[in-house]
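Biologist: Can you walk me through this model? Keep it short, please.
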Amino acid sequence: MEEEVATGSDNIVTEFNTYEDFLDSQITSFDLYYLEDQELARQLVELGYRGSGEVLKREEFEARKQAAEASRLSKRSQQKKLASDDKIIKEPLLQALAAREAGNRNGKMTSIIFIRDHNSRGQEISGYIDYAYRLKTEDFEPYFSGKKRLLPRPSDLSFYNWETATSTSNPTPNYQVIAENASGLLFKNKRDRKIINVDPKADSPGDNSERHVISSPKYIQIVIYDHINRRKT
């Protein structure tokens, strides 16, 4: 019963901008005709002598009005805008990343991005990027705006510089790197413990995983491995 009353009051404070508007909504033309004073009619409504609606004091109305506004602002702040929102994206890699941004942010999927290209020094590099982890630790707006190019780093899941033969591998909150494997590099999802096999010759990258080749004129090679997260039961 109390929940129903609270909901009704919330509707009232969102429907009317001011307390006077709320009182006026319960004043009839007959009230004004006989009382000949709008302020008096408002007072009678506030005291519960006139009107057919809920009796609500000014202080309570104002308090609920502030609470409703605070709730609205809180919900708005929680609905975090995606870095790819409102962007005109034509480059294939960025289009693929934009399509996966929400899923990687909310935890429904964890995509691994393989990129092979040249760095700013002209050196050929390649590596595997934990997209979900990068989204949490880096602002992607400059990428989607075309101000920066996404490239693997020595701090990513796996990195290799073909000129200097520099090789690194690092675990992330989402994946464990398994380098000592006869069939090549493997990644173990820490949430459901499924293995992602990035060997292009493998029939499948693994359970709940898909391999997508992305063709872009701005990169030598791009492959995205999408893993749909399942909690281990």
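Modeller: Threonine 164 is partly exposed, with a relative accessible area of 43%. The model is predicted.

Biologist: Where does threonine 164 sit?

Modeller: In the loop between E3 and E4.

Biologist: And glutamine 123, buried or exposed?

Modeller: Glutamine 123 is buried, because its relative accessible area is 12% and the cut-off for buried is under 20%. Glutamine 123 lies in the loop between E1 and E2.

Biologist: What does glutamine 123 touch, leaving out residues up to four places away in sequence?

Modeller: Asp117, His118, Asn161, Glu163 and Thr164.

Biologist: How far apart are threonine 164 and glutamine 123?

Modeller: They are 41 residues apart in sequence. In space it is 8.5 Å, C-alpha to C-alpha.

Biologist: Let's move to the sheets. What is the strand order in the open sheet of six strands?

Modeller: The order is E4-E3-E2-E1-E9-E8, with antiparallel pairing. Strand E4 (166–169) and strand E8 (209–214) are the edge strands, and each pairs on one side only. From one strand to the next, the twist averages 10 degrees.

Biologist: How many bridges join E1 to E2?

Modeller: Seven. E1 covers residues 109–118 and E2 covers residues 124–130.

Biologist: Which helix lies across E1, E8 and E9?

Modeller: Helix H6, residues 92–106. H6 runs at about 155 degrees to E1.

Biologist: What about the open sheet of three strands, what order there?

Modeller: E5-E6-E7, again with antiparallel pairing. Strand E5 (175–178) and strand E7 (195–197) each have a single partner strand, so one side of each is left without a neighbour in the sheet. The twist here averages 30 degrees from one strand to the next.

Biologist: How many bridges pair E6 and E7?

Modeller: Three, in the antiparallel sense. Strand E6 spans residues 186–189. Phenylalanine 187 has isoleucine 196 in E7 as its bridge partner.

Biologist: Now the inside. Which residues touch the most other members of the largest nonpolar core?

Modeller: Leu97, Ile113, Phe140 and Leu150, out of 22 residues in that core. The elements that give two or more residues to this core are H6, E1, E2, helix H7 (131–137), helix H8 (141–144) and E9. H6 gives the largest share, four residues.

Biologist: Why would such residues group together?

Modeller: In soluble globular proteins, nonpolar side chains tend to be buried together.

Biologist: Pick out isoleucine 113. What is it in contact with, leaving aside neighbours within four places in sequence?

Modeller: Isoleucine 113 contacts Leu93, Leu97, Gly127, Tyr128, Ile129, Tyr131, Leu150, Val223 and Ile224.

Technical notes: Residues numbered from 1 in each chain as written. Predicted model: local features only at pLDDT ≥ 70, side-chain atom pairs only at ≥ 80, totals over all residues. Heavy atoms only, no water. Pairing = 2+ DSSP bridges. Axes fitted to C-alpha atoms, helices over the stretch in contact; angles between N-to-C directions. Contact = heavy atoms within 4.5 Å. Buried < 20%, exposed > 50% of the residue type's maximum accessible area, 1.4 Å probe, protein only. Core = buried A, V, L, I, M, F, W, Y, C linked by side-chain atoms within 4.5 Å.
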